[in-house]
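Visitor: I would like a close look at a single part of this model. Please keep it brisk.

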Amino acid sequence: MILLEPFHTDALDLKNRVVMAPMTRTRADNPELAATDLIAEYYVQRATAGLIITEGTHVSRMARGAIRVPGIYTSQQIEGWRKSTDAVHAKGGKIFAQIWHEGRLSLREVLDGHLPMAPSAINPGTKVFSPEGMFVDTPTPHTMTVEEIRQTIDDFAQATQNAMKAGFDGVEIHAANGYLFHQFFMKCSNTRTDEYGGNIENRSRFLFDVLEAIRAQTDLKRVGVRLSPILNHIQGIVKDDETDQLFTEMIGRLNDYPLAYVHLSGVTGDQVDDPLKQVLDSARYYRKIYRGTLMINKGFTRDTANLAIEEGIADLISFGNLYISNPDLIERFRLNALLNESDRDTFYTTGPQGYTDYPFL
C-alpha cells in the first residue's frame, strides 16, 4: 500500500505518506498559553504518522482568537512546545508547527481590550467563542496600517525562528479557512487601495512578503503553506469572480519557492453532495499547476487516500477527525482494522477526556 510507504524529497524524509492534519484542541489551559505535558502526550501518541502538523499556534498576542490555544511568541511558549518536539522525535516522528493569525475572527476580551486587526474594517458577521464560554458576535475589526502589516510579517518570521528553537522540523503557514491571509486574498474582506489591496497581485502580496521574510532567516525547505482554494463560504469569506484566478496565479507562483509542500484544505463551509469529489477535482486541477509536493485533505478513508496517491493526484494525505480518535491510525490502516469514533463534545474542552484517552488496538 503506497499510502504506508516512505516518502522522500529534498525537504521531507517521511516514514509514510499519512499526515496528521492541524486541529485546534484548546488544551493550553494556563495563563502563559504554553503547550503542556498533556499536549505533548497527545502528539507523541500519534508519532507514527509520517508527519504531524500541530494545531495552529499564534504568532503574537494580537494574532489570538480561539481561547486556550498555545502560542509561540514567548520564551515560556517555546519551552512548552519543546516538550512535544522532544517527545515526538524520541519516538522517531516528524513534527511541524502550524503558525497562525486569526485576523478579524477575534474579540476585544481576547486581545487585551484591542479590536481585532484585519485588512479592512469589515465585520465578518460571525460568532466566535468567548472566554466566558459563550458564542458572541465579532466586532468590526481595525483596519491594519502598513506599519502593522509589516510588524505582522515580522511576527511570522520570528515565529518561524521560535519554532526552530523549540525543535520543530518545520512550520506550516496557515493561509486558509477564513483567517488573516485568506482575509487579504478575498474581495469580500479586503477593500484596500494600497499595495495590499485591489488587484490579485496586491491581495496576494501579504503571503509572499511573509515568505520572503522567512526566507531571509530560514531555509524554505522547512516551510509549508496551507490554502483553501475551494472554500466558498465560511467564517465570513465568500467566493468572488476572481477567486479561482487568484488561487491559480498564487499557487503557480509558489513554484518559485522551494517549499516543503503546499497543503490544500478541503474545508468548504458549504453543503455539497460529494465533498471528496470536490477535493479530488480541485487537487487534479492544482496538480497541473504546482510542481512541488502536494498534500490534500478532507474526508479521506484509508482506501480513497491510497487511490489518490496511486493515481498521482497528491503526494501526501492529511487526516483530521480520524487522528483525533485513533492515535494508532497507521497500525489500524496497516491491518485494515476498525476505527474508533470521535466524541465531538470533547473537541474543544480541557483535560484528557476525548484527547489522550482514546484506546489503542
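Which helix gives the most to the lining of the largest cavity?

Guide: This is a predicted model. The helix you want is H7, residues 275–287. Helix H7 gives 3 residues to the lining of the largest cavity, the most of any element.

Start with the cavity itself. The structure holds 1 cavity of 30 Å³ or more. About 50 Å³ of space lies in the largest cavity. Its lining is made by Pro229, Ile230, Leu264, Ser265, Gly266, Val279, Ser282, Ala283 and Asn297. Sort that lining by class. It has 5 nonpolar residues and 4 polar ones, and no charged residues.

How can such a space be found at all? Rolling a probe the size of a water molecule over the atoms shows where empty space is left.

Now turn to the largest pocket. Its volume is about 1500 Å³. The elements that give two or more residues to its lining are S5, strand S7 (127–129), strand S16 (316–319) and helix H9 (321–325). In total, 46 residues line the largest pocket. Nearest its centre lie Thr24, Asn177, Val267, Arg344 and Tyr348. By class, the pocket lining has 21 nonpolar, 17 polar and 8 charged residues.

Across the whole structure, a search finds 17 aromatic pairs. Phe156 and Phe181 are buried.

The pair that involves S16 is Phe319 and Phe333. Its ring centres lie 5.3 Å apart and its planes meet at 65°, so this pair is edge-to-face too. Phe319 sits in strand S16, while Phe333 sits in helix H10 (residues 329–335). They are 14 residues apart, and the pair links distant parts of the chain. Phe319 and Phe333 are both buried.

There is also an aromatic cluster. Tyr42, Tyr43, Trp81, Phe168 and Tyr355 form it together. Trp81 takes us to helix H2, where it is one of the buried residues. What covers them includes helix H1 (37–45), strand S4 (51–58), strand S5 (95–100) and helix H3 (146–165).

Just after H2, Gly92 takes a positive phi of about 80°.

One last stop is Asp169. This residue lies in the loop between H3 and strand S10 (170–174). At 23% relative accessibility, Asp169 counts as partly exposed. Set aside residues up to four places away in sequence, and Asp169 touches His89, Gly93, Lys94, Ile95, Phe96 and Arg222. Asp169 and Leu12 are 157 residues apart in sequence. In space, their C-alpha atoms are 9.4 Å apart.

Technical notes
Residues are numbered from 1 along each chain as its sequence is written. This is a predicted model: local features need pLDDT of at least 70, side-chain atom pairs count only at pLDDT 80 or more; totals for chains, interfaces and linings use all residues. Side-chain values use heavy atoms; hydrogens and water are left out. Buried means under 20% relative accessible area, exposed over 50%, partly exposed in between (1.4 Å probe, protein chains only). Helices (H or I, at least four residues) and strands (E, at least two) are DSSP runs, numbered from the N terminus. Contact means heavy atoms within 4.5 Å. On a 1 Å grid over the protein atoms alone, a cavity is a set of points where a 1.4 Å probe fits but cannot get out, and a pocket is an open set with protein on both sides within 12 Å along at least five of seven lines; lining residues have an atom within 4 Å of a point. Grid points are joined across faces, edges and corners, and a volume is the space filled by probe spheres set on the points. Ala, Val, Leu, Ile, Met, Phe, Trp, Tyr, Cys and Pro count as nonpolar, Asp, Glu, Lys and Arg as charged, and the others, Gly among them, as polar. Rings of Phe, Tyr and Trp (its six-membered ring) pair if their centres lie within 6.5 Å; planes under 30 degrees apart count as stacked, over 60 as edge-to-face and the rest as tilted.
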